[in-house]
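Here is a short briefing for a first look at this structure. Start with the sequence and the model, then read the points below.

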Amino acid sequence: MKLLAKTSIYYLIFSALLFSVVGIIFYDRLQGVIDEEYTENLYLEKDVIIKFMNDSGKIPLQQLYIGDNVIFIKTNVFFKEHLGDTNIYNSLEDEMQLTRRLVFPAEAGGQKYKVIINKSLFESEDLVENIAYPFALSAFFTMIILFVFTWVQQKQMWKPFYSTLGELNSFDAKQNNSLNLPETKTLEFRTLNSEIKKMTDKIRNDYKNLKEFTENASHEMQTPLSIIRSKMELMIQSEELTKVQTESIMDMFTSLTRLSKLNQSLLLLSKIENGQFGDNQMVSVENILKDKLGLFEEMIKFRKISVVKQINFSPFVKVNPQLADILFSNLLNNAIKHNIYSGKIIIELNKDSIIISNSGIKPLRDPENMFERFSKESTSGDSAGLGLAISKKICDASGFKITYKYSDNLHIITIIF
Amino acid sequence: MKILLVEDEASLGDSILTFLKKEGYLCEWVKDFNSAFDKAIDYDYDCALIDISLPGGSGLNIVEALKKNHPKTGIIIISARNSIDDKITGLDIGADDYLTKPFHLSELNSRIKSVLRRRHFEGSSEIILGSLKLIPEEKEFFVNDEPVTLTKKEYDLLLFFVSNKNRVLTKESIAEHLWGDMADMADSFDFIYSHIKNLRKKITDSGGDDCIKSVYGSGYKFSTK
């Protein structure tokens, strides 16, 4: 969930709760105040009535108390004054109305009376409604306006954060230019940006150094390797070598070949990473494939591998021709190398993908890492485990997607252009 | 045959020089740009082996100087930089071949031979070794003047042997000659073994001498009696 949505939802829940609580308290108090007012009025009337009855010795005229219903009942029974609410039928309004009733004893001219004052609470309800509704409405609108205001304000406030985030998202250690972080007056964001800038600059720098180191190291290794190789080649020609010496030299020779292969592969990897290959061109995948199959033709025959080509479409792909060459050489080489005798290779070419499947001994133990450098399934010394890493790098650099799966006893490599 | 070697790395130059002398070439070795440039202008060579990165300048300039002054000299660039751009530039300005370090001396030898053949016999060269005859440009092979059909790889193999006759060729150098960068293919040694077997059979079946011997532990050797 987005930060803004989250804070907005919290804000909405909180303000709704707050306004509800305030509303309830307000409503309750309002009702209380009006209620007390009514009760006070009742007692006031009582005082007026008693005073009138004491002074004049008569019961007052009904007309004096319009709106309130006052009843005088002659009585001899002693009773206590009491106050209560009751529903009384109002013939004028034709409905039951909540009424507050005060009953008290009074005396006029020696006659005891039971006086009942009925005060309709109908108006008090009206009053409460008239006050509470506008209040609730204004509270609701206040909430909405505040919500919109905070939304806009928060959006504005977090803007630098989001641009920083966007920049970070597109951060690539391989790129040369440092992040373009927005200027902001907010202290926290300024600190964040400067820290991020420091960090990413360091990452880029480290990456560059590492890359340069690999490149230089591999490069510098070429010459000593050449020297060792040439000296050994001269040594082999000697007639005086013993059997043991020859064997040792040949072992060295084999290791040296591996070392120089490894070195060349590392150089190639760093070259691809550095983007040191030229521009992309439109290349016919089918033609490269034909070319490479030609190169491996004798080896394929030698291992009695049957090749099935299924060309559904012959696509042209934008790629550096050299890299495409290396890519398909690697993939075909792998398909042959990890194949079984009398095995098969199936190549399916589609509009936007190529699928190279080959029979093999067994599924890989660790298919997730097979595109990693130095990931080797076998301990055989003839490969450094860089072939697929190079293929992956080429695919990355060319915007292809390469995947591996194993099904129906086939190792399947799919490239989506 | 006179060869100019331009190589700043002493040990490597020394190996190449020893090798070439054994092959019977007359060889001159210079280690820096200026002396190489002077030689390139003043003397005539059959073939020049030029390292690109030299103290004092780029080997490419020497290639240009050679081309200008002695256009008949065959030129092979030897470089630590395995970059296609360098390769293309080198070949564009007139080099005949481009070899990336680290290379096998036998490979260098075979390239020199090929350049010399193209340069000196205008492609109409024949190689005759006892009962065997090769016409490299036509990719034809005769045993006792009878044509023998070879596959492309068998032919490459034979030519590589012939270029390096009387020398031990390791399986590695043969694999690299046949497949270049793809030499690490599985079974490439078995493949070489089977091809050499076929090649020997084809030669002996046509009545030729069995000239390819396997040398214990190290590789193969082509020698004529």
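**A helix and its surroundings in chain A**

The buried residues of α7(A) pack against α4 (243-273), β7 (316-319), α6 (321-337), β10 (401-407) and β11 (410-416) of chain A. Contact here means that two residues have C-beta atoms, placed from the backbone, within 7 Å. Helices (H or I, at least four residues) and strands (E, at least two) are DSSP runs, numbered from the N terminus. This is a predicted model, in which local features need pLDDT of at least 70 and side-chain atom pairs count only at pLDDT 80 or more, while totals for chains, interfaces and linings use all residues. Residues are numbered from 1 along each chain as its sequence is written, and chains are lettered from A and ligands numbered from 1 in the order in which they are written.

**More on α7 of chain A**

- Nine of the 12 residues of α7(A) are buried, so the helix is largely enclosed by the rest of the structure.
- A residue is buried if 20 or more other C-beta atoms lie within 10 Å of its own, exposed if 12 or fewer, and partly exposed in between; C-beta atoms are placed from the backbone.
- Among the buried residues are Leu388(A), Ile390(A), Lys392(A), Lys393(A) and Cys395(A).
- The helix covers residues 387-398 and should span 16 Å at 1.5 Å a residue; its end C-alpha atoms are 17 Å apart, which agrees.
- The expected span is 1.5 Å times one less than the number of residues.
- Gly399(A) follows α7(A) and has a positive phi, near 75°.

**The open sheet of chain B**

- Five strands of chain B form an open sheet in the order β2-β1-β3-β6-β7, with parallel pairing.
- Two strands pair if DSSP finds at least two bridges between them.
- The edge strands, β2 (26-30) and β7 (97-100) of chain B, each pair on one side only.
- Five bridges join β1 (residues 2-6) of chain B to β2(B), and the two run parallel.
- Val6(B) has Val30(B) as its bridge partner in β2(B).

**Helices across the sheet**

- Helix α2 (residues 33-42) of chain B lies across β1 and β2 of chain B, at about 140° to β2(B).
- Helix α5 (residues 105-120) of chain B lies across β3 (47-51), β6 (74-79) and β7 of chain B, at about 155° to β6(B).
- Axes are lines fitted to C-alpha atoms, for helices over the stretch in contact, and angles run from 0 to 180 degrees between N-to-C directions.

**Where the chains meet**

- The contact takes 32 residues from chain B and 35 residues from chain A.
- On the side of chain B that touches chain A, α1(B) gives the most, with six residues.
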